[in-house]
Amino acid sequence: MPSSTPYYLTAGPVAARFNRIVGRLARYGVSVAGTAELSVRGRKSGQMQRIPVNPHTYEGERYLVSARGHSQWVRNMRAAGGGELRVGRKVRTFTAVEIPDEEKLTVLRTYLEKWGWEVNQYFKGVTAKSSDEENLAAAPDHPVFRITVRG
């Protein structure tokens with residue numbers, strides 16, 4: 001019987017430390033393989049929460065994919081409807097719309113082609129080379145937001 005709790009793989013101590021380092025590097029202008037620091041307003045605290053993300057472009061559209069599932073930044077993004085991406089002094093404000101599972105197939109596949117070396121472990125065996133059926137089965141576990149940069 002499937003779990004009623006949405007998939008969310010929390011970061012362990014090593015991953016949390018790595019995320020802090022990558023986020024700090026992005027904040028100071030060093031993007032590791034295209035990473036950026038995401039800032040999104042906390043749905044409960046109202047304070048800006050920061051985490052490194054791997055922005056993904058597919059067919060001219062920009063996306064944020066949550067490899068770890070229904071994480072805190074995802075829950076905050078649903079409430080806030082947008083945020084900021086930062087690499088050094090370049091800050092891009094954006095709005096975000098979550099896309100439905102049936103529209104995720106090619107976005108997830110191309111995301112895994114680019115970022116699989118880093119995130120495959122969070123996709124429970126699904127990779128860029130997995131079948132369409134396997135990728136679609138993984139879609140509900142990995143929220144995807146189409147982002148539109150303002151200005």
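Analyst: Start with exposure: buried means under 20% relative accessible area, exposed over 50%, and partly exposed in between, with a 1.4 Å probe and protein chains only. R146 is partly exposed here, because its relative accessible area is 27%. This is a predicted model: local features need pLDDT of at least 70, side-chain atom pairs count only at pLDDT 80 or more, and totals for chains, interfaces and linings use all residues. Residues are numbered from 1 along each chain as its sequence is written, and side-chain values use heavy atoms, with hydrogens and water left out.

User: How do I read helix α1, and what should its residues span?

Analyst: Helices (H or I, at least four residues) and strands (E, at least two) are DSSP runs, numbered from the N terminus. The expected span of a helix is 1.5 Å times one less than its number of residues. Helix α1 covers residues 13-27. Its 15 residues should span 21 Å, and the end C-alpha atoms are 21 Å apart, which agrees.

User: Which residues of α1 are buried?

Analyst: An α-helix has 3.6 residues a turn, so residues three or four places apart point the same way. In α1, V22, G23 and A26 are buried. Seen down the axis of α1, the buried residues fall within an arc of 100 degrees (directions from the helix axis to the C-beta atoms), so they line one face of the helix. The face turned away from that buried side carries the exposed residues P13, V14 and R17.

User: What do the buried residues of α1 pack against?

Analyst: Contact means heavy atoms within 4.5 Å. The buried residues of α1 pack against β1 (36-41), β2 (48-53) and β5 (82-87). Just after α1, G29 takes a positive phi of about 100 degrees.

User: Which residues form a nonpolar patch on the surface?

Analyst: I21, L25 and V30 form one, with about 220 Å² of accessible area together. Areas come from the Shrake-Rupley method with a 1.4 Å probe; for residues, only the protein chains shown count as cover. Patch residues have over 30% relative accessible area and no salt bridge; like charges are joined within 9 Å, nonpolar side chains (Val, Leu, Ile, Met, Phe, Trp, Tyr) within 5 Å. L25 sits in α1 and is partly exposed, at 32% relative accessible area.

User: How many salt bridges are there?

Analyst: A salt bridge is a side-chain nitrogen of Lys or Arg within 4 Å of a carboxyl oxygen of Asp or Glu. By this rule there are seven. One of them pairs E37 with R27 (2.9 Å, N to O). E37 is buried at 2% relative accessibility, whereas R27 is partly exposed at 24%. R27, E37 and R50 are linked in a network of salt bridges.

User: Which residue does R78 meet in a salt bridge?

Analyst: R78 meets E98, at 2.8 Å, N to O. R78 lies in helix α2 (residues 72-80) and E98 in strand β6 (residues 90-98), so the pair ties together parts 20 residues apart in sequence. R78 is partly exposed at 38% relative accessible area, and E98 is partly exposed at 32%.

User: Which residue does R146 meet in a salt bridge?

Analyst: R146 meets E103, at 3.7 Å, N to O. E103 is in the loop between β6 and α3 (105-119), R146 is in strand β7, and the two are 43 residues apart. E103 is partly exposed, with a relative accessible area of 41%.

User: What does V149 touch?

Analyst: V149 lies in strand β7 (residues 144-149). V149 touches R62, R92, T93 and F94, not counting residues up to four places away in sequence. V149 is partly exposed, at 28% relative accessible area.
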